[in-house]
Amino acid sequence: MRKKQLNSKENIKSLEEEKIFQKRLEKHLDELKWLYMELYENDSMFDELCNRMKQFFLERNKELKSRDLAREINQDWYKQNDMLGMMFYIDNFAGNMKGVESKLDYIQKCNVNYIHLMPFLDTPKGRSDGGYAVSDFRKVQKDLGSMKDLDSLTAACHKKNMNVCMDFVMNHTSEDHEWAKKARQKDGEYMSRYFFFDNEHEPSLYEKTVPQVFPTTAPGNFTWLEDANHFVMTTFYPYQWDLNYKNPRVFNEMMYNFLYLANRGIDIIRIDAVPYIWKELNTPCRNLPQVHTIVRMMRMISEIVCPAVLLLGEVVMEPEKVVPYFGTVKKPECHMLYNVTTMATTWHTVATRDVKLLKRQLDIVNSLPKDYVFLNYLRCHDDIGWGLDYGILRAEGMEERAHKKYLNDYFQGYAGKSNSCGELYNADPVTGDARFCGTTASMCGVEKAGFEQDDSAMEQAIKLDLMLHAYMFMQSGIPVLYSGDEIGQVNDYTYKENPDKAADSRYIHRGAMNWKLAENIENTDTVEGKIFCGLKQLEQIRKTEKVFVSNADTWTVETWDSSILCIGRYFEGEKIIGLFNFSEYDKTAWIDEKDGDYIDLISGNEIKPVGVNIPPYGFYYLKKK
Ligand code: GLC
């Protein structure tokens with residue numbers, strides 16, 4: 001009898017669940033089918049996709065399903081002012097997944113409520129591109145743990161109100177992926193999942209229009225496979241084989257991988273290298289319309305199966321290419337995108353002490369719909385590419401090639417009044433182009449001042465570092481710290497001794513977390529303590545002041561001083577003005593906000609926002625009383 005009762009209770013529950021799925025599916029079915037048919041014209045593969053979606057929905061655990069329901073109701077949950085991210089490689093941060101779980105208290109101390117676990121899926125040693133060459137989408141690298149550890153980590157994070165982000169590397173697989181192995185053995189079914197060519201005719205046609213990602217470390221877009229007697233398309237490293245999304249089997253299987261990972265409790269899926277996923281001859285093979293069709297389908301698939309999950313697009317392109325990845329208000333694609341041009345323009349401003357270009361760039365971002373959420377950052381695990389608005393700079397007499405050279409010289413510490421340390425990345429002798437690598441602290445001068453034991457230079461470096469974070473927190477969107485930056489960690493040159501890493505200077509800013517130095521976080525006589533406590537104050541202000549929600553009004557104000565940036569924010573009757581001095585001199589911001597009295601949230605002093613003096617690399621957060 002009891003058993004029967006139980007069964008009928010369970011039946012009701014599963015019928016209710018079924019209803020939820022059907023309702024979500026119905027909402028999107030027409031559009032999803034339409035887009036799928038546009039690309040694939042394949043009914044049975046579409047039916048398979050829908051069936052598997054349902055299966056993944058049913059397999060999703062209770063906690064995640066209630067997260068889904070809560071977030072469907074509160075769709076703006078990620079736009080709140082407490083959102084603060086931190087990214088790290090698991091091994092560098094805490095050895096393995098269990099180690100990360102044991103460090104959640106530290107992460108909370110950093111006021112971080114979203115962690116980006118850098119690639120942790122299975123990848124061949126020495127041919128991994130920092131984990132971005134996945135050989136098995138359902139297996140964790142042995143040294144880092146297991147899927148069970150991931151389940152446990154995400155559950156532990158959720159208990160602490162923390163979100164977990166991971167990379168979904170969908171443009172390519174490792175050459176060690178089982179599909180690639182079968183393709184290499186000339187199994188036609190698997191060859192059709194990649195781009196295989198038995199002669200150089202088509203590859204050479206592609207090369208005419210497709211730019212290179214790694215011109216020095218991995219030139220060209222194809223790799224000759226001696227054993228298979230074929231070329232294979234490899235946009236990134238030769239061991240990263242581009243997937244062919246013209247094959248519906250590739251799309252379906254990758255969506256199953258995506259849902260499998262979402263069901264491990266991942267909250268934010270970072271779609272790696274998304275602009276590259278569709279290829280056509282005679283095009284640059286970037287940002288093609290079909291890419292948007294695929295991302296839109298992914299958005300609908302996640303809204304049907306796991307609506308708690310956000311899509312973060314990795315679109316490292318010029319602004320007009322980035323914004324379309326948000327989709328439209330009616331047909332959204334990604335929830336969040338990186339504010340990459342602003343990041344690069346920030347460092348241009350550091351090197352030139354001139355905020356004009358940055359102000360323009362922020363004006364562009366601020367004029368976009370408020371639904372668009374950007375991730376703001378000072379640096380990430382990748383190099384800094386100098387993708388600036390050269391049209392504007394040219395009018396100021398700065399030619400692209402010469403200016404890029406200046407920036408690279410500056411940040412290597414060779415030009416201008418620079419205290420920065422770092423290294424070039426993929427310096428292309430043909431185009432003269434190069435990108436830059438270094439940690440935030442090293443680029444601000446902490447490394448050099450430490451080496452030279454120059455206290456006043458150190459003080460200035462710390463000021464610059466904190467001012468940049470204060471300005472970054474003021475931007476519209478969600479700030480993300482790179483682990484180690486919160487204690488001012490400097491460049492790590494040991495990668496040069498590792499033959500698997502030596503050729504890739506991005507490892508200079510991917511060093512292991514120095515827990516010994518982290519013991520100093522509360523001691524403000526130390527560099528670590530100064531930076532950590534400085535940031536902590538900013539983080540707490542950001543968390544308590546509602547003008548920091550990501551859909552607040554944000555604008556810039558003319559200061560009539562070329563080195564001072566002024567950003568205003570307004571939300572529900574509250575207003576804050578941020579002033580940031582990008583120079584090593586005392587400056588005056590000639591602003592004239594006459595709408596009342598203001599208080600500086602950092603010092604607690606009253607300050608009139610009229611002709612404000614700002615010390616070298618200083619800043620103010622002025623709140624209207
Ligand atoms: C992304 C990653 C980068 C990687 C590339 C190839 O751009 O951020 O680190 O090299 O994708 O997967």
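This note covers the ligand site, the aromatic rings and the cysteines of a predicted model.

1. Basis. The model is predicted, so local features need pLDDT of at least 70 and side-chain atom pairs count only at pLDDT 80 or more, while totals for chains, interfaces and linings use all residues. Residues are numbered from 1 along each chain as its sequence is written, and side-chain values use heavy atoms, with hydrogens and water left out.

2. Ligand shell. The ligand has 13 residues around it, and those that come nearest are Asp-129, Asp-272, Glu-314, His-381 and Asp-382. By class the shell divides into 7 charged, 3 polar and 3 nonpolar residues. In this scheme Asp, Glu, Lys and Arg are charged; Ala, Val, Leu, Ile, Met, Phe, Trp, Tyr, Cys and Pro are nonpolar; the others, Gly among them, are polar.

3. Polar contacts (a pair of N or O atoms within 3.5 Å) to ligand oxygen atoms come from the side chains of Glu-314 at 2.8 Å, His-381 at 2.8 Å and Asp-272 at 2.9 Å. The protein buries 94% of the 310 Å² that the ligand exposes when taken alone. These areas come from the Shrake-Rupley method with a 1.4 Å probe.

4. Aromatic pairs. There are 38 aromatic pairs in the structure, counted where ring centres of Phe, Tyr or Trp (its six-membered ring) lie within 6.5 Å. Tyr-410 and Phe-411 form an edge-to-face pair because their planes stand at 80°, with centres 4.9 Å apart; edge-to-face requires planes over 60 degrees apart. Both are buried (under 20% relative accessible area), Tyr-410 at 4% and Phe-411 at 0%. Elsewhere, ring pairs join Phe-214, Phe-236, Tyr-237, Tyr-239, Tyr-276 and Tyr-425 into a cluster.

5. Charges over rings. Two arginines are noted here. Arg-379 has its charged end over the ring of Tyr-482, 3.9 Å from the centre, and Arg-52 lies over the face of Tyr-256, 4.3 Å from the ring centre. The criterion is NZ of Lys or CZ of Arg within 6 Å of the ring centre and within 35 degrees of the ring normal.

6. Cysteines. The structure holds 0 disulfides, defined as a pair of cysteine sulfur atoms within 2.5 Å. For Cys-285, the nearest cysteine sulfur is that of Cys-334, 20 Å away. Cys-285 is buried, at 3% relative accessible area, and Cys-566 is buried at 0%.

Key:
A residue is near a molecule or strand if one of its heavy atoms lies within 4 Å of it. A polar contact is a pair of N or O atoms within 3.5 Å; within protein, one must be able to donate a hydrogen and the other to accept it, and residues adjacent in sequence count only if both atoms are side-chain atoms. Rings of Phe, Tyr and Trp (its six-membered ring) pair if their centres lie within 6.5 Å; planes under 30 degrees apart count as stacked, over 60 as edge-to-face and the rest as tilted. Buried means under 20% relative accessible area, exposed over 50%, partly exposed in between (1.4 Å probe, protein chains only).
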